[in-house]
Amino acid sequence: MSKPRPRSFSARDNNNDKELKIGSLPLHLQEYAIIEDLLFVMMGIDGKYIEANNLSEDLTEDEKLDGITYLVDGSLDSSLKDLTERILPLATYYTSINAFITIHSKFEYGFVNHALCAAMRELLKEYLILITQLEHQFCSSSSFTLQKFWFYVHPTLHTMSNIYSLIMDIRNLARDVMEEDIDMLIIDGFHRNNNIPQQIKGGGLLSILIDRMTNLSGDLATKKLYMYLLSKSSQPYVTMLNSWIHNGEIQDPYGEFMIQERKGVKKEHLEEDFNDAYWEMRYTINKDVVPPFLIPFKSKILLAGKYLNVIRECGIAIQGPQQQLMDDIVGKDSVDKTDFNFSNDILAAMDDGKFVDSIENAYKCANRTLLDLLLKDQQLIARLRSIKHYFFLDQSDFFTHFLDLASVELKKPSSQVSLTKLQSLLDLVLRNPSSVAHTDPFKEDVKVEMSNVRLVDQLLRIINVETGPVTRTNSMSEIFGARKDIGRMGNESEYEGSEDGSVIGGERLGFAGGVVWNVGGNKQLLMGIDALTLDYTVTFPLSLVISRKALTKYQLLFRHLLHLKYVEQLLCNTWTEHSKSFYWRRGSGHPTIEAWKSRVFALRQNMLVFIQQFAYYITNEVLEPQWRNLEAKLAKVSTVDQVLQYHSDFLDTCLKECMLTNAKLLRTYSKLASACVLFSNTTEKFMKSLTILESQVESVTDPLQTDTQDRTLQQFEKFEEYFLYHIKLLIECLNFYSATETVQFLCLVVRLDYNLYFTKK
């Protein structure tokens with residue numbers, strides 16, 4: 001048994017030898033003295049012969065992370081000095097790690113940093129135990145030498161070096177981020193309590209640990225160290241993850257989780273704001289701080305919590321995860337972890353990858369619960385059928401009755417129309433037992449509204465916002481390669497109107513129809529029939545699918561259909577007037593007058609066929625087939641996001657194939673529809689001209705006969721040429737866009753230009 005080491009050599013116990021150089025001592029006393037100093041210095045306490053080099057009270061937190069370096073008395077024996085300098089980095093590592101723990105244990109650094117500091121603190125406890133054991137050996141064994149000291153601490157030096165390297169990586173990353181614009185990391189509207197960069201806390205910190213573990217996996221000791229740190233540090237993050245995917249709650253007071261909440265976005269905006277993006281913007285993923293092991297699941301993680309939040313917003317209590325219930329809902333099939341690019345080390349550090357099954361089960365459970373809520377409890381498909389019934393004028397006997405009752409009111413300017421009266425008339429019609437809508441359980445949700453802008457003006461504004469300003473050209477036929485033999489069109493600029501009207505012979509046609517005003521006159525009034533639209537009351541969570549944006553698209557399609565029906569009714573009334581009028585029915589015996597009447601009848605019929613074929617195309621070749629496709633997809637839907645996507649695609653396709661998203665097609669169609677309206681409104685004027693011509697048919701020498709006939713023929717020819725030019729232009733446009741946008745336009749081309757009637761004309 002070795003004798004206890006004598007203590008009389010210690011300079012710490014002899015104040016008179018304070019200035020004694022260690023080199024003046026015998027070699028064995030130098031070794032004893034330097035070992036004693038090392039035991040103190042390894043705990044951050046200055047020794048007599050080893051002193052701190054950069055210790056100062058003015059050090060910043062960033063400078064403290066560098067650790068304290070130490071200098072050895074230069075008189076120490078060279079062999080002992082070499083061994084001492086090999087051991088001294090332990091003191092630097094210890095002070096650096098201790099400073100890191102002190103700094104990153106502050107509240108603002110978040111739970112993951114706290115967990116990492118706790119893991120490092122456990123390692124430092126092991127380190128201090130090692131120092132205690134070394135001190136015991138030093139005091140109890142006379143054979144304990146500096147060489148043995150180095151032998152015992154060498155493995156610990158490797159561990160402390162790796163931890164120190166990790167701290168330097170975190171410090172350097174934080175420094176780089178701070179040198180950039182820290183304000184760019186603080187996104188407006190998100191929950192932030194401090195300006196600590198997200199890259200050095202939460203998911204960003206876990207990413208650093210995983211990167212280092214992966215890059216240094218060749219060293220088994222280093223890999224084991226980082227697996228330990230990752231396992232401990234990830235526990236708070238996994239707790240936040242489970243809270244989100246199982247309860248829909250973000251327990252993230254320090255802004256370190258991958259899911260961010262924008263609290264200013266509320267579900268009430270779905271019913272008010274056209275461009276509100278509640279579903280997309282309320283909860284989002286911060287892609288910069290997603291831990292690598294969660295990247296394959298980030299979408300499912302986001303959706304699982306979003307689904308649960310919708311369920312909670314509906315007032316339904318969310319229970320904690322119950323495995324038996326989850327097995328009943330989603331099945332017992334586990335996820336094959338080999339499908340993901342994970343290393344076994346990451347899975348081992350993360351409870352053997354149990355989080356993978358947890359995420360999958362939580363996502364399936366939340367998705368199925370919300371899907372059942374929408375499709376079964378909220379009757380989504382039945383709601384959509386109801387909306388189709390009203391906005392697409394499906395089985396619209398009730399609406400015809402409503403227009404008849406409200407005809408007097410709708411002939412007024414929109415500002416003078418009584419919404420209360422229109423709503424009462426609509427309610428009366430919908431409650432009529434003879435109406436198809438009488439059995440609709442959702443008829444109470446239909447409301448009458450008056451728009452403050454014309455349909456085409458509204459559409460052009462939307463198109464301009466989405467695609468930028470639309471430039472006009474002097475000749476649209478030059479763009480689409482329109483043929484030069486488009487009839488007797490005269491000067492092409494004669495038919496080009498402004499953004500809100502078209503010109504025929506010095507008169508301007510309103511897009512919405514029904515109003516004629518002169519160039520330079522007052523702005524045309526918006527009549528009730530032009531402003532009439534419907535609205536539909538939708539509550540949460542159905543407003544996720546049938547949002548204000550979706551309802552606006554339904555309204556655009558409804559107003560488009562209503563205008564077609566209105567123009568068709570005007571042309572039918574014109575046909576009725578021609579059939580009842582004595583002067584239109586009887587033959588005059590004058591070849592010029594009879595030829596002119598035949599051309600009027602032909603133009604009226606061409607206009608009516610155009611409107612009817614266009615309406616048939618929209619209802620039977622666009623809306624109805626697209627609705628059938630939507631209904632078939634919703635019957636097989638498996639996720640809530642599919643419901644949102646299918647419904648959005650349905651509306652966008654309907655708008656596109658109804659020519660409501662293309663400015664050039666929209667303008668051309670509007671000019672044709674306006675020409676039809678103006679033609680119907682000028683029937684009485686043609687009647688007066690026809691009466692004058694009939695009365696003067698025998699007075700060939702009367703000069704009034706020639707002047708009246710010329711004026712009437714010239715005005716009619718303007719109508720005829722204008723309509724012929726624009727319908728051929730529309731056909732050319734449809735042919736062009738059928739190759740660039742949708743082939744569905746060819747169906748309309750076939751209907752409008754049957755047997756190449758207009759092409760050959």
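The model is predicted: local features need pLDDT of at least 70, side-chain atom pairs count only at pLDDT 80 or more, and totals for chains, interfaces and linings use all residues. Residues are numbered from 1 along each chain as its sequence is written, and side-chain values use heavy atoms, with hydrogens and water left out.

**Confidence**

- The protein chain has a mean pLDDT of 78, and 76% of its residues reach 70 or more; pLDDT is the predictor's confidence in each residue, from 0 to 100.
- Confidence is highest in helix α5 (residues 110-140), at a mean of 93, and lowest in helix α19 (residues 476-480), at 31. Helices (H or I, at least four residues) and strands (E, at least two) are DSSP runs, numbered from the N terminus.
- Over residues 469-522 pLDDT stays under 50, and the model has 128 contacts beyond four places in sequence for them. Contact means heavy atoms within 4.5 Å.
- Residues 700-705 also stay under 50 in pLDDT, with five contacts beyond four places in sequence.
- A word of caution: where pLDDT is low, the predicted coordinates should not be read in detail.

**The nonpolar core**

- The largest nonpolar core holds 219 residues, of which M120, F149, L229, L294, I301, F402 and F610 touch the most other members. Such a core is a set of buried Ala, Val, Leu, Ile, Met, Phe, Trp, Tyr and Cys residues joined through side-chain atoms within 4.5 Å; buried means under 20% relative accessible area, exposed over 50%, and partly exposed in between (1.4 Å probe, protein chains only).
- Helix α24 (residues 591-635) gives the largest share of this core, 16 residues.
- Leaving aside residues up to four places away in sequence, F402 touches L422, L425, L426, V429, V448 and L532.

- In helix α3 (residues 78-87), the buried residues are L80, L83, T84 and I87. These four sit on the same side of α3, because they cover an arc of only 100° around the axis; the arc is that of the directions from the helix axis to the C-beta atoms.
- Helix α24 also contains N606, which counts as buried because its relative accessibility is 19%.
- Not counting residues up to four places away in sequence, N606 touches F723, Y757 and F758. N606 and F723 are 117 residues apart in sequence, yet their C-alpha atoms are 9.2 Å apart in space.

**A strand pair**

- β5 pairs with β9 in the antiparallel sense over five bridges; two strands pair if DSSP finds at least two bridges between them.
- M450 has L532 in β9 as its bridge partner, and L532 is also among the residues that F402 touches.

- As background, most residues other than glycine have a negative phi, and most peptide bonds are trans.
- F540 and P541 are joined by a cis peptide bond, with omega about 10°. P541 is in the loop between β9 (532-536) and α21 (542-545).
- Q379 is not a glycine but has a positive phi of about 55°. This residue lies in the loop between α13 (354-377) and α14 (380-391), and is partly exposed at 40% relative accessibility.
- L393, likewise not a glycine, has a positive phi of about 55°. The loop between α14 and α15 (397-405) holds L393, which is buried, with a relative accessible area of 13%.
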